[in-house]
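Student: I have not worked with this structure before. Could you take me through it?

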Amino acid sequence: MRRAAARIDAATPPQRDRAVDALRALAILGVVLGHWLVTALVADGGTLRAASPLGPMPWLAPVSWMFQTLAVFFMVGGHVATRSLASARARGGTYGAWLRTRLARLFVPVAAVLAVWTVAAVGLLLGGASFVTVHTVVKLALSPLWFLLVFAVLTAATPLLVRLNPLWPLAVVLHVDLVRFGLGGPSWLGWVNVLAGWLVPYTVGAAWTRGELERPRAGRLLLVGGAVGTALLVGWAGYPASMVGVPGAAVSNLNPPTLAAVTFGLAQCGLALLLRDRLRRAMRRPVAWAAVALVNLSAMTVFLWHQTAMMATTATGLFAGRLPGLHTVPDGLEWVAARLLWLPVFTLALGVCWAAFHACERGPRGPRRSEGRRSRVIRVHHRSGRTESKAAPNA
């Protein structure tokens with residue numbers, strides 16, 4: 001393993017910013033662990049329904065602060081997309097070709113998810129499962145797709161966002177919340193924040209590309225300003241403390257995003273920017289860098305299938321009866337302790353999904369796939385039969 005890690009490290013171009021890959025990997029793993037820890041499927045007779053430990057145990061809200069890392073992912077996405085677009089233009093490439101390549105990386109793996117869950121939903125209904133059960137599991141399995149749709153829209157709009165100051169979309173979120181919560185405006189207005197809210201960290205990533213966030217002062221300003229703003233909104237303005245949705249709650253910070261979710265995301269982005277140098281030093285270790293590279297290689301597979309892995313484990317466990325931490329109501333510390341013991345099983349199930357569907361993420365191989373255009377560590381097969389890992393610059 002150490003020899004393989006050393007080969008990956010040696011094949012990585014020196015100009016590659018490994019902190020970008022490390023932040024992306026941390027963001028993906030944060031989302032996965034967050035879903036596994038705060039999402040429960042409770043067996044209620046012959047029906048499965050969704051529940052969350054954050055409802056009966058609101059003091060667990062800090063868990064959502066640790067694992068709701070979508071803002072970091074959008075920031076990294078904005079940074080990588082703006083760099084990639086500039087690189088493509090410098091090579092003489094067109095916007096259309098660049099966009100097709102970016103969107104293919106997002107949506108080609110989605111086809112497998114949709115196909116599997118279409119068959120699964122029909123099979124469950126024909127097998128006598130209740131509509132509530134089918135609706136619950138399909139909604140959880142396909143919930144990651146909303147992120148891809150928003151990310152695709154922002155990616156397509158990247159040429160318009162290269163110079164956009166993050167304060168503009170932040171002002172939109174502020175005014176939407178003022179109308180919704182302060183003036184009693186319609187609740188549907190909040191859906192404007194689905195784009196405006198995630199546009200804030202995306203444009204922070206664009207500012208990173210422009211070189212405006214290189215000084216530690218920028219990271220400290222985002223961290224402190226975002227944290228103070230979030231504390232004021234939660235403590236005095238009545239926003240929920242949880243940064244993820246809680247079933248049955250009157251207001252969700254995430255669905256759609258609120259001002260509190262956006263300020264919290266800015267604090268996360270500030271922390272991420274402050275950690276860049278430490279991550280770069282950590283990524284000089286071949287084993288650490290190889291692990292991050294492998295997570296980035298499988299980012300879409302992990303993101304799209306982690307909910308399926310959890311639900312497959314839950315469904316299989318039903319054959320043994322109601323198991324603690326898997327089918328029981330998440331209303332006490334016993335459930336939390338039991339759920340932690342299930343995490344390795346979820347990981348194993350995700351590994352099975354990875355083995356089955358990772359080929360969809362890799363896409364077609366061959367001379368048409370230009371190595372220099374990839375943003376991930378890729379595998380190059382030499383005529384001699386030896387396999388070497390090679391990394392291209394972040395793009």
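Tutor: The conversation below covers helices, a strand pair, salt bridges and a few single residues.

Student: What kind of model is this, and how are residues numbered?

Tutor: This is a predicted model, in which local features need pLDDT of at least 70 and side-chain atom pairs count only at pLDDT 80 or more, while totals for chains, interfaces and linings use all residues. Residues are numbered from 1 along each chain as its sequence is written, and side-chain values use heavy atoms, with hydrogens and water left out.

Student: Let's start with α7. What length should it span, and what does it reach?

Tutor: Helix α7 covers residues 145-156, and its twelve residues should span 16 Å at 1.5 Å a residue; the end C-alpha atoms are 17 Å apart, which agrees. The expected span is 1.5 Å times one less than the number of residues. Helices (H or I, at least four residues) and strands (E, at least two) are DSSP runs, numbered from the N terminus.

Student: Which residues of α7 are buried?

Tutor: They are Leu145, Phe147, Leu148, Val150, Phe151, Ala152, Leu154 and Thr155. Buried means under 20% relative accessible area, exposed over 50%, and partly exposed in between, with a 1.4 Å probe and protein chains only.

Student: And what do they pack against?

Tutor: The buried residues of α7 pack against several helices, including α4 (70-90), α6 (131-142) and α15 (299-317).

Student: How about α4, then: how many of its residues are buried?

Tutor: In α4, 16 of the 21 residues are buried, so by the under-20% definition the helix is mostly covered. From first C-alpha to last, α4 reaches 30 Å, close to the 30 Å expected at 1.5 Å a residue. Just after α4, Gly92 takes a positive phi of about 90°.

Student: How do α6 and α15 pack?

Tutor: The two helices pack at an angle of about 150°, and their axes are 7 Å apart. Axes are lines fitted to C-alpha atoms, for helices over the stretch in contact, and angles run from 0 to 180 degrees between N-to-C directions.

Student: Which residues meet there?

Tutor: From α6, Val137, Leu140 and Ala141 meet Leu304, Gln307, Thr308 and Met311 of α15. By class, this contact has five nonpolar, two polar and no charged residues. Ala, Val, Leu, Ile, Met, Phe, Trp, Tyr, Cys and Pro count as nonpolar, Asp, Glu, Lys and Arg as charged, and the others, Gly among them, as polar.

Student: Is Met311 buried or exposed?

Tutor: Met311 is buried, with a relative accessible area of 5%. Leaving aside neighbours within four places in sequence, Met311 is in contact (heavy atoms within 4.5 Å) with Leu41, Trp117, Val137, Leu140 and Ala141.

Student: What about His306?

Tutor: His306 is also found in helix α15, and at 0% relative accessibility it counts as buried.

Student: New topic: which way do β1 and β2 run?

Tutor: Strand β1 and strand β2 (residues 47-51) run antiparallel and are joined by five bridges. Two strands pair if DSSP finds at least two bridges between them. Ala40 has Ala51 in β2 as its bridge partner. Four of the five residues of β1 (residues 40-44) are buried.

Student: How many salt bridges are there?

Tutor: A search of the whole structure finds eight. A salt bridge is a side-chain nitrogen of Lys or Arg within 4 Å of a carboxyl oxygen of Asp or Glu.

Student: Which ones can I look at?

Tutor: Asp9 and Arg18 form one, at 2.7 Å from N to O. Asp9 counts as partly exposed at 21% relative accessibility, whereas Arg18 counts as buried at 15%. Another joins Arg180 and Asp177 at 3.9 Å, N to O; these residues are three apart in helix α9 (residues 167-182), and are thus separated by about one helical turn. Arg16, Asp21 and Arg24 are linked in a network of salt bridges.

Student: Last one: where is Pro166?

Tutor: Pro166 is in the loop between α8 and α9. The C-alpha atoms of Pro166 and Thr203 are separated by 5.4 Å, and the two residues are 37 apart along the chain. Not counting residues up to four places away in sequence, Pro166 touches Val200, Thr203 and Val204.
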